[in-house]
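This report covers helix geometry, helix packing and aromatic pairing in the structure below.

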Amino acid sequence: MMSVHRAQNLRRPQGGALSPGVPAVEPGSPAWRPRRRQAAGALVLVLLTSITLVMLFPFLWMIVTSLTPNGQATSPEFRLWPADPTLENYVEAFTGYPLLTWIRNSVVISVLGALLSVTVSLMAGYAFAKFRFRGRTTFFLAYLLTIMVPIQVTLVPTFLVAVNLGLVNSIWGVILPGAAEATGVFIARQFMMSIPDELMEAARLDGAGEIRTFCRIVLPLSGPLVAVLAVLAVTARWNEFLWPFVILQGDDVLTLPVGLASLQGGDLFSTPWGTILAITTIAVLPVLIVFLVFQRQFVQGIAGTGSK
């Protein structure tokens, strides 16, 4: 009896060795599931870390090249950090090119364009979400179809309209064509559909008009939505290249992406890559700052967009 009792107390652990008093963890048992989840979580963490490193490598190369002397920027040897880091590329960017003018133009276009785009998106989204009128769904779907139309298709007609309105070589020629973006209207409409209609009805019963209802009821509840629209609009305006490249002429009105593209020459070795990468680093910083400042509101707004 004693030998049988001792044999029952012997259990084979997961590694295969016998250990007295240690119960075996069988696959599929309740005790096995936490370990499986931990292994899956570790695998996902390793995968995401690897993807993050791959995505961050171009930024590392950009920063390293911007701190490398121009004579060594085209060297085939790559280092994780330059042997003799220098800021001469940044000094050359500010002294040898109208960088401050390009930054000023990009800031003005991004801020004014974002304000106009966010305002139009909020108002249009509110109308599509809360007003009832004939053909609302059809008009909204037709409006969404414009997302699939590439800018190359509308480039010539938009340019002809800008010429007739006298907007060529003007910052308003860059701002106005993108004032009513279908993506922003769609996000605003989806978010505002989650706002209860009873709130607007109560405000109307109290004698509030549509503008007052929109400003006093809808806008205070749309903080995350405004953050999402602002981040998307500022990022799109700041990085826009093709349309400003067509509509703007002259160094005094160029934006930062267009001015940066003008520095690239035909010869690979004569192009000032160190200066170009220094300007690129400066161009990336505002976008990162905007996203970091509004990161929490951005996530909340995206989550609220799909709530209904």
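Helix 6 bends by about 30 degrees at proline 157, the bend being the angle between axes fitted to the seven residues ending there and the seven starting there. Helices here are DSSP runs (H or I, at least four residues), numbered from the N terminus. The 14 residues of helix 6 (residues 151-164) should span 20 Å at 1.5 Å a residue, and its end C-alpha atoms, 19 Å apart, agree with that; the expected span is 1.5 Å times one less than the number of residues. Just after helix 6, glycine 166 has a positive phi of about 70 degrees.

The model is predicted: local features need pLDDT of at least 70, side-chain atom pairs count only at pLDDT 80 or more, and totals for chains, interfaces and linings use all residues. Residues are numbered from 1 along each chain as its sequence is written, and side-chain values use heavy atoms, with hydrogens and water left out.

| Helix pair | Angle | Axis distance |
|---|---|---|
| Helix 4 (residues 99-130) and helix 10 (residues 210-218) | about 105 degrees | 12 Å |
| Helix 11 (residues 223-239) and helix 14 (residues 273-293) | roughly 175 degrees | within 10 Å |

Helix 4 is thus roughly perpendicular to helix 10 (65 to 115 degrees). Leu122, Met123 and Tyr126 of helix 4 meet Glu210, Thr213, Phe214 and Val218 of helix 10, with contact meaning heavy atoms within 4.5 Å.

Helix 11 is roughly antiparallel to helix 14 (over 145 degrees). Its contact residues include Val231 and Trp238, which face a set on helix 14 that includes Pro286 and Phe291.

The whole structure holds 7 aromatic pairs (ring centres within 6.5 Å). Phenylalanine 140 and phenylalanine 186 are stacked, because their ring centres are 6.4 Å apart and their planes at 20 degrees (under 30 degrees counts as stacked). Phenylalanine 140 lies in helix 5 (residues 136-144) and phenylalanine 186 in helix 8 (residues 182-192), 46 residues apart.

Key:
Helices (H or I, at least four residues) and strands (E, at least two) are DSSP runs, numbered from the N terminus. Axes are lines fitted to C-alpha atoms, for helices over the stretch in contact, and angles run from 0 to 180 degrees between N-to-C directions. Angles under 35 degrees count as roughly parallel, over 145 as roughly antiparallel, 65 to 115 as roughly perpendicular and the rest as oblique. Rings of Phe, Tyr and Trp (its six-membered ring) pair if their centres lie within 6.5 Å; planes under 30 degrees apart count as stacked, over 60 as edge-to-face and the rest as tilted.
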